[in-house]
Amino acid sequence: MTTDRDEGRRALVVGLGISGIGTAVALARAGWRPVLIEKASGRRSGGYFVGLFGAGKSAAERLGLLKNLHDRTAFDGVTYDLDRFGEWRGGLGFKDIPGDPWMMLRGDVEQAAFEALPADVEIRYGTVPTAIEQDSNGVTVTLKTGGTAVTERFDLVVGADGLRSTVRRLAFGPDERYLRRLNYMIAAFQLPGGLDTLPLHDGCTLLEPDRSLWVFPFVDHAPTVLFGYRTDDVDAEFSEPPAVRVRKAFGPEPTGDMLGAALEALEATDELLFDSVEQVHMNTWHKGRVVLVGDSAWCVTLYAGMGVSAGLAGADLLGSMLGRHENVDRALTEWERRLRPYLNYYQQLGVQQTAIFTPNRKQITVRRAMMRGMRMPVTSTLLRIMRTHNKSGRMKEFDIARA
Ligand SMILES: Cc1cc2nc3c(=O)[nH]c(=O)nc-3n(C[C@H](O)[C@H](O)[C@H](O)COP(=O)(O)OP(=O)(O)OC[C@H]3O[C@@H](n4cnc5c(N)ncnc54)[C@H](O)[C@@H]3O)c2cc1C
């Protein structure tokens, strides 16, 4: 006779992003039987530029997906600091980023995680949870696919369904309780090729007070673009098409060539991420047998540069803890206790680093002074030493999911 334990306990993982696929890989490794559901009708591809730091690389290695990834950093490229009047200055390069990130696209990580998923893991597309009820022995979930609803029983439910998580809403309460708007908007997309006269392996930033354009190059892929701007009225930003709002944010003045080309590319793209930048703050990420992983639990925002790494680390450690502790509550409590100090730190970074991505007037002045300093040999050496000993670099590289 086979028992439930022989077949592995059954977990519902909601969301086929990096955190969800990573969690399914980790749970299968721990002897659980994950069932993955995704509201979209199929897998996504591509996406935007992401940096994978040490915390994510170590987790990816243990999950068996690092071998499916490679660093796309364009080391031979330069990142220029431009203005709309056509002036180009040498800006910060990849070697100036604290830590030792691998540059890639979000879709690279999703694909690598998908390839590491055991073939017998069940995946249901076009499926969402509509009700979650739990008792001490398990969780009863109503799942809707098209017009059909079914009710199933699981030993664990993992919400890896992103910033506006349905699992969080059903099990922990409404978004207003947990989401904190940083009052920035972003528009991110892939270019079909190079942008205007910018060489393919070079990047650029065009920073004006409270609005910015970034072009991220890759060594073996077309660049991606990131527009960002500050707003006092996030809701109004969704009242018109994204390209209209971004153009308005950059004002009526002539755009110049590079900004003009980027705005045209934005108007032409058919795959765009346009959203407000928000963090998720919760006192606890688990309740009984329901747990949140990734952006749904702690969204640190793109400004921290740690959403992917933290999602993989959270998934990896969750699998380790559930493999170690038979008691689910104990596993989840231990998992959260280990992760929380790092996530608190990444969230602080997410707020502080708005100054890097979309600086205000004063922050732009400080940045320009710093860059002038970097061109002088003595200051440059000093700044490089500071970078090597930089706390954020160490915290991003540290293997936070080591069991
Ligand atoms: C422009 C940009 C740049 C970034 N740069 C970096 C970076 O450099 N480094 C870094 O580490 N991170 C970066 N991030 C953050 C990182 O991309 C995210 O933190 C990470 O991808 C979150 O993954 P996730 O799986 O938790 O959530 P998501 O990627 O949001 O995935 C959630 C999944 O759940 C599905 N879903 C949603 N609702 C439901 C439902 N009701 N039922 C079923 N499925 C559902 C969605 O369709 C999706 O597939 C960046 C983000 C942006 C926007």
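Thr301 lies in the loop between α9 and α10; helices (H or I, at least four residues) and strands (E, at least two) are DSSP runs numbered from the N terminus. Thr301 has a positive phi of about 80° although it is not a glycine. The model is predicted: local features need pLDDT of at least 70, side-chain atom pairs count only at pLDDT 80 or more, and totals for chains, interfaces and linings use all residues. Residues are numbered from 1 along each chain as its sequence is written, and side-chain values use heavy atoms, leaving out hydrogens and water.

**Backbone and burial**

- Thr301 is buried, with a relative accessible area of 7%; buried means under 20%, exposed over 50%, and partly exposed in between (1.4 Å probe, protein chains only).
- Asp196, in the loop between β12 and β13 (203-208), also has a positive phi, near 50°, and is a residue other than glycine.
- Asp196 is partly exposed, at a relative accessible area of 44%.
- Ser296 belongs to helix α9 (residues 295-298) and is buried, with a relative accessible area of 0%.

**Ligand shell**

- Around the ligand there are 33 residues, of which Ser19, Glu38, Gly51, Asp295 and Val308 come nearest; a residue counts as near if one of its heavy atoms lies within 4 Å.
- The shell divides into 16 nonpolar, 11 polar and six charged residues; Ala, Val, Leu, Ile, Met, Phe, Trp, Tyr, Cys and Pro count as nonpolar, Asp, Glu, Lys and Arg as charged, and the others, Gly among them, as polar.
- An N or O atom in the side chain of Asp295 is 2.7 Å from an oxygen atom of the ligand.
- A polar side-chain atom of Arg44 lies 2.9 Å from a ligand oxygen atom, and a polar backbone atom of Gly307 is 3.0 Å from a ligand oxygen atom.
- The protein covers 90% of the 1000 Å² of accessible area (Shrake-Rupley method, 1.4 Å probe) that the ligand has on its own.
- Elements giving two or more residues to the shell include α2 (18-29), β8 (127-135) and α10 (307-324).

**Nonpolar cores**

- The largest nonpolar core has 79 residues, and Leu12, Leu156, Trp298, Leu312, Trp335 and Tyr346 have the most contacts inside it; a core is a set of buried Ala, Val, Leu, Ile, Met, Phe, Trp, Tyr and Cys residues joined through side-chain atoms within 4.5 Å.
- Helix α11 (residues 328-352) gives the most to this core, with 10 residues.
- A second, separate core of 26 residues includes Leu82, Val225, Tyr229 and Ala262.

Methods
A polar contact is a pair of N or O atoms within 3.5 Å; within protein, one must be able to donate a hydrogen and the other to accept it, and residues adjacent in sequence count only if both atoms are side-chain atoms.
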